[in-house]
Amino acid sequence: MDILIVAPSSSSIYQELKHDFSAIEPNLWAGLLANSVRKNGYGVAIHDMHIQSKDLDDFCEHVDDQKPRFVLFVASGQNPSASTPAMQGAVDAARTLRDTHPEYKIGIIGPHVNALPLESLQDNEFIDVVFTNEGVYALSNLLSTDLSDSGLSSVKGIFYRNSSGEIILNAPERIVPQELLSQDLPGVAFDLMPDFSNYRTSHWHCNFIDEDRSPFASIYTSLGCIYKCEFCMINIINRDDNDPDKASSSFNKFRYWDPHFTIKQLDYLADKGVKQLKIADEMWVLKPKHFEVLCDLIIERGYDFNIWAYTRVDTVKPQYLEKLKQAGVNWLALGIEAGNQEIRKEITKGKFEDVNIREVCNMVENAGINVCANYILGLGHDTWDTMQETLSLALELNAANSNIYSATSLPGSPLHLKAKKEGWRLPETYSGYGFLSYDHLPSQTYSLSSEESLSFRDYAFHVLFESPRFLNKVNKLFGDKAVESIKRMTKIKLKRRILQNNGKV
């Protein structure tokens, strides 16, 4: 066994929602990296801690049974907000492994260490190696060495701790180019993961019907994004230099697998009985020669997937919708973010000058596709009034589901660099970056504190999901069981450290 690739558990950041309402998703980057090293002839296994470990001791026993040369924790999530919180589960497990089995070399890869590689090693003395981008070439090159100081010194794209405890910063490595994507990053090693019945989708994706959440899988058909939104760090995995003053917006790239390559992976998922399918691409409905061809291939096969995918309000075109629906796209997640146009301009989301958000949402719904509307409160120059504008827009649109979050200075995002420049508070723990965690610390704005932003977010969530108009819509679309599921969810009140300390609920 050359490498054991570990998907750490981060379920604790969801508080009581973790039991029935949070998703359990396959770690796609664990699967992508596993396939890339397997293609190069290395022995590899995947261990999903959320599903396959009873506790940390059990995990360490599993590692010792496998006896890999290298243990790699993949601290990443399909939602940009999930990657830094995933670090908590990774470092807890890595620390325990080092204490009980110090002979194993340990590495971490993921957006957080891409953004803060030096700090990640300085803060965690039990980590030997961190990777500074997606790690495809660096990982195979690392496995070709004996993992000694002299071997690691030749591997581009890593920072590592040598046998004397000194941190060494190696030169950067390239990312996989578009023309080599299917060859050097040949899809997800689903066959090395737990059975799909162990995973479950978000409860809204399956129309709020709990028993329909599994079997579930997700997949990337493309990587990256061409846009430069201030709050997002998704493109930090494309880093190709070691400049600590650059954020994800300096590395915005979009690559996609040939649809005829991707359909083979979907063939596998369909054969395994997957019904619920998330296309985890940051921007799926972008290039017609990519997504429309894939839709045609799905339609030809007659697959009965229930698909959820992401797009921007200004990339949805009426001519796309019929084909998307025929392919099984029943949910489109739209990044609306803010109700105020000036706030959208500030975060480089765009003014949507040529787009009427209300008309786009109606157009999507009229095509028989449900809208999952995404909103962010506490951006830049947000005030009480502009946050209320966002809530008012959300109530007006009354989407079949809404995600509403507080802006957070995620490492790797332009907002993180802004927060450091402005002297704004940053979370002191990995879980503090988690939107739903107890110790969540969102970004302040130029006029609102973190406490005020978070307090309004939690208030807005209950206003939206307890709205009689929303519940009536859900009832008409999905029935009484869906409404009851939502009511059970809204009975759970998130606890927030910074609000409790201020005497607030």
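Trainee: Helices (H or I, at least four residues) and strands (E, at least two) are DSSP runs, numbered from the N terminus; where, then, is Leu147 found?

Mentor: Leu147 belongs to the loop between helix H7 (136-143) and helix H8 (149-152). This is a predicted model, in which local features need pLDDT of at least 70 and side-chain atom pairs count only at pLDDT 80 or more, while totals for chains, interfaces and linings use all residues. Residues are numbered from 1 along each chain as its sequence is written, and side-chain values use heavy atoms, with hydrogens and water left out.

Trainee: What is the phi of Leu147?

Mentor: Leu147 has a positive phi, about 65 degrees, although it is not a glycine.

Trainee: And which residues does the cis peptide bond join?

Mentor: The cis bond lies between Ser214 and Pro215, with omega at about -5 degrees. Pro215 sits in the loop between H9 and S8.

Trainee: On to the sheets. In what order do the seven strands stand?

Mentor: The order is S2-S1-S3-S4-S5-S6-S7, in an open sheet with mixed pairing. Two strands pair if DSSP finds at least two bridges between them.

Trainee: Which strands stand at the edges there?

Mentor: Strand S2 (44-48) and strand S7 (167-169) do; each has a single partner strand, so one side of each is left without a neighbour in the sheet.

Trainee: How many bridges are there between S3 and S4?

Mentor: Strand S3 (residues 70-74) pairs with strand S4 (residues 105-109) over five bridges, in the parallel sense. Val74 stands opposite Ile109 of S4.

Trainee: And the sheet of six strands: what is its pairing?

Mentor: That pairing is parallel, and the open sheet runs in the order S8-S11-S12-S13-S14-S15. Its edge strands, S8 (216-219) and S15 (401-406), each pair on one side only.

Trainee: What joins S11 to S12?

Mentor: Four bridges connect strand S11 (residues 276-279) with strand S12 (residues 306-311), and these two strands run parallel. Lys278 has Trp308 in S12 as its bridge partner.

Trainee: Changing topic, how many salt bridges are found in the whole structure?

Mentor: The search finds 23, a salt bridge being a side-chain nitrogen of Lys or Arg within 4 Å of a carboxyl oxygen of Asp or Glu. One of them brings the side chains of Arg38 and Asp191 together, at 2.9 Å from N to O.

Trainee: Which parts does this pair tie together?

Mentor: Arg38 lies in helix H1 (residues 28-39) and Asp191 in the loop between helix H9 (181-184) and S8, so the pair links parts that are 153 residues apart in sequence.
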